[in-house]
Amino acid sequence: MKIDRRQFMHGALAASCAPAVGAQAAGTSPVYIGDMHSHLFFFGMGVSPEKRPLGATMAAGNATLVAWSLVGDVPWLRITGQGIKQKGQPQRGEAIAWFENDLTRIKAHLDSQGLKLALNPDDIDAALRGEPRVVLTVEGATFVEDDPAPLAHAYELGVRSVQLVHYIENPLADFQTERPQYGGMTDLGRTVIEECNRLGMLVDLAHCTDIVVRAALEVSTQPVMWSHSSVTRTRQPNWKMPVWQARQLPLDTAKLIASKGGVVGLWPMRSDVGPSPEAYGERAWELGEWLGVDHVGFGTDMNAISRPAISSYADLQKVVRLWQAAGFPDESIRKIALGNFARILKQAMSARAA
Ligand SMILES: [Zn+2]
């Protein structure tokens with residue numbers, strides 16, 4: 001369905017008067033929300049989880065499948081005027097130690113909230129039925145040093161998705177915001193993707209350069225996700241651009257991800273998508289038109305973006321109401337809101353080798 005801008009803005013007005021979160025027409029189930037990328041502990045940005053616990057945050061917007069991303073390279077990063085930069089290199093063993101510490105902290109918070117992890121396809125079905133599940137993900141596979149063995153360890157600890165790169169150099173692949181050092185992906189990077197496929201973990205290509213994405217799509221036997229950023233049809237992003245432009249995906253690459261069954265998550269970066277849930281909703285629907293409605297999801301990057309267009313799951317319910325008021329098909333709304341993320345996660349989990 002094409003976006004008609006006037007109809008959409010009319011819908012925006014109607015939606016602003018519509019019933020609050022969780023309300024729905026008689027006989028229909030609520031639209032549940034999936035989030036392909038969020039943080040609760042990251043540089044102390046956003047609201048601390050003690051003040052805004054994840055359980056309540058999810059419940060306030062009917063979010064039932066949230067990826068909580070452990071940032072694998074935090075100790076070696078600093079925030080600068082030009083965005084996040086590398087400030088050092090982990091010594092052997094330091095990255096896995098950081099990973100284990102932070103995972104313990106994350107799990108303690110989930111336990112305190114009575115939140116369950118999404119560990120297998122049944123958990124994804126539970127989330128689709130409205131029972132909250134949290135997917136543990138790692139942003140930046142820094143803990144993989146020169147051998148993919150720690151991936152199996154991460155799986156045992158509950159991690160179900162791995163993003164290859166973030167903001168520091170690692171031996172797997174180039175990333176978008178620094179000058180490429182390999183010109184693509186290394187053999188170890190390829191091995192890591194094969195190992196993720198084998199273990200049943202969803203590969204996340206966010207932050208990878210265009211060349212790496214294309215190489216990864218050749219290797220992965222399962223659909224992949226691009227958990228957070230956006231798609232550009234006019235630029236060829238490169239590392240010299242401002243971060244929000246450097247982080248975009250060119251449209252033809254995004255289409256390639258979609259052609260292999262994958263999903264692209266839209267972030268709520270104000271400089272990119274605009275200032276409001278309305279602007280975000282319009283952009284997300286448009287992305288569905290570009291890539292197909294089966295290939296778009298939400299990637300809030302919660303607590304890692306300052307002044308985002310979407311700052312809560314209640315904001316994403318606003319987006320849903322906006323789409324409903326604009327008369328968009330219910331099935332498509334549910335796919336973008338949760339179904340697409342659930343589908344690829346379940347597919348990756350189901351592919352786990354016996
Ligand atoms: Zn990120």
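I started with helix H12, which is mostly covered: eleven of its 13 residues are buried. I was working on a predicted model throughout.

I listed the buried residues of H12. They are Tyr313, Asp315, Leu316, Gln317, Lys318, Val319, Val320, Arg321, Leu322, Trp323 and Gln324.

Next I checked the length of H12, residues 313-325. From first C-alpha to last, H12 reaches 18 Å, close to the 18 Å expected at 1.5 Å a residue. I then looked just past the end of H12. Gly327 takes a positive phi of about 85 degrees there.

I moved on to the core. How many residues does the largest nonpolar core have? I found 98. Those with the most contacts inside this core are Val162, Leu164, Leu205, Cys208, Ala216, Val264 and Leu345. Helix H13, residues 330-350, gives the most to this core, with ten residues. In soluble globular proteins, nonpolar side chains tend to be buried together.

I picked Val162 and looked up its contacts, leaving out residues up to four places away in sequence. Val162 touches Val138, Ala141, Leu151, Cys196, Met201, Val203 and Asp204.

Last, I turned to strand E9, residues 225-229. Why is E9 largely enclosed by the rest of the structure? Five of its five residues are buried, so E9 is largely enclosed. I also looked for its pairing with strand E12, residues 263-266. E9 and E12 run in the parallel sense, paired over three bridges. I noted one partner: Ser229 bridges to Leu266 in E12.

Key
Residues are numbered from 1 along each chain as its sequence is written. This is a predicted model: local features need pLDDT of at least 70, side-chain atom pairs count only at pLDDT 80 or more; totals for chains, interfaces and linings use all residues. A residue is buried if 20 or more other C-beta atoms lie within 10 Å of its own, exposed if 12 or fewer, and partly exposed in between; C-beta atoms are placed from the backbone. Helices (H or I, at least four residues) and strands (E, at least two) are DSSP runs, numbered from the N terminus. Two strands pair if DSSP finds at least two bridges between them. A nonpolar core is a set of buried Ala, Val, Leu, Ile, Met, Phe, Trp, Tyr and Cys residues joined through C-beta atoms within 7 Å. Two residues are in contact if their C-beta atoms, placed from the backbone, lie within 7 Å. The expected span of a helix is 1.5 Å times one less than its number of residues.
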